[in-house]
Amino acid sequence: MAITEVAVYAHLNAEDIEALGRELDAIREDIQDRRGAPDAAYIRRTIAAQRILDVAARLVIACSRGKFGWLLGTAALATAKSIENMEIGHNVSHGQWDWMNDPEIHSSTWEWDMAGVSSQWRYSHNYRHHVFTNVLGADDDLGFGVMRVTRDQPWRVRFLLQPLQNLLLAATFEWGIALHDFYSDHDRAATEREKTAQTRALVHKIKRQIGKDYVLFPALSGRRWRRTLGANAAANTLRNLWAYLVIFCGHFPDGAEKFTPAVLEHETRSEWYLRQLLGTANFEAGPVLAFLSGHLSHQIEHHLFPDLPSNHYAEIAARVRALCDKYDLPYTTGPLLRQYLLSLRTINKLALPDRWLSATSDDAPETASEHKFDMPTARYTPTRTEYRSRGPRA
């Protein structure tokens, strides 16, 4: 089963966990104290550059005549959309820039360029996912409610189609997220009036997105409307694939652990920090790749400090990794391709019934619990290093 005793799994005592929490709090306070004009200039430059790239891409698509111009414009538009979604929309909606008190760059007012409604996403993602990260039955993003990503989820016949469903989700990621966030927000509505308002908000947003990319801009292109329509569809698909890749690599590779609801009982802030460390994964990226991913190549740091400015994540990562070494905790990271292949292996493998799988729900690459460390004799207590170095049982 998933992890129930987080301290046992991490092989830390209560004093260790509280000390870890204090050191992470110190990192938070340090970054908060240093936020200022350079950070505000960074996000404003990013927004301006993204909008210029968006306009330039659309002009290239509309005005060029050859295939190269179409490909260049489409790639630029996909890049602009990815930056808007990942480095701007996602991070602004997390409140990373609320401290600026700029009404145009605030989590309560930003509406991003994708099908989902920002307010519905904030509830589903900022609350349900970030507060209850990888807790079975509490985190709606654990497989997004449609895919099996841990052996703790009972197998159903429909999961046989999971590999194909995964491909469909990748290509249509913004639409899947829009519906996922809508149903998550819809479930908390207390009255029919609230549910109706949520439905109207989603329908309005979908009309706006379809109207912009598939009606307005093609119409402005006149006789070349097909060229613009195809470019917009291709750019949206490429943006969807990139967002899917980044999100999956941060949550579903080996080492991103899952937890039972019992971990939430009397959970302290320090224990919450520890769960974030164990439940997320990074991928290796240089400055450009990190920027294009919204700095979610540092998914661990993002889950520890979701409301700190993303341009500080690389600096924070060095300090977090040092703490992991100090407390002998895993710091799950690897090349982007490797992290995705591990995620893909989990998705394809767990499409099958458990009786066809080796290992157990306590000791599999994608699913583990503190019981993986059980020893034949109760007199022996392994060290932290032995806990970490011990391989999975056959």
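## A bend in α4

Helix α4 bends by about 30 degrees at N85. This comes from a predicted model. The helix covers residues 67-93, which makes 27 residues. From its first C-alpha to its last it reaches 37 Å. That is close to the 39 Å expected at 1.5 Å a residue.

How many residues of α4 are buried? The count is 20 of the 27, so the helix is largely enclosed by the rest of the structure. After α4 comes G95. The phi of G95 is positive, near 85 degrees.

## The span of α13

Helix α13 runs through residues 313-326 and has 14 residues. It reaches 20 Å from first C-alpha to last, close to the 20 Å expected at 1.5 Å a residue. D328 follows α13. Its phi is positive too, near 55 degrees.

Which residues of α13 are buried? They are Y313, I316, A317, V320, L323 and C324. These residues cover an arc of only 125 degrees around the axis, so they lie on the same side of α13. An α-helix has 3.6 residues a turn, so residues three or four places apart point the same way.

The other side of α13 carries exposed residues: A318, D325 and K326.

## What the buried side meets

Where do the buried residues of α13 pack? They pack against three helices: α2 (14-34), α10 (269-279) and α12 (299-304).

Technical notes
Residues are numbered from 1 along each chain as its sequence is written. This is a predicted model: local features need pLDDT of at least 70, side-chain atom pairs count only at pLDDT 80 or more; totals for chains, interfaces and linings use all residues. Side-chain values use heavy atoms; hydrogens and water are left out. Helices (H or I, at least four residues) and strands (E, at least two) are DSSP runs, numbered from the N terminus. The expected span of a helix is 1.5 Å times one less than its number of residues. The bend at a residue is the angle between axes fitted to the seven residues ending there and the seven starting there. Buried means under 20% relative accessible area, exposed over 50%, partly exposed in between (1.4 Å probe, protein chains only). The arc is that of the directions from the helix axis to the C-beta atoms. Contact means heavy atoms within 4.5 Å.
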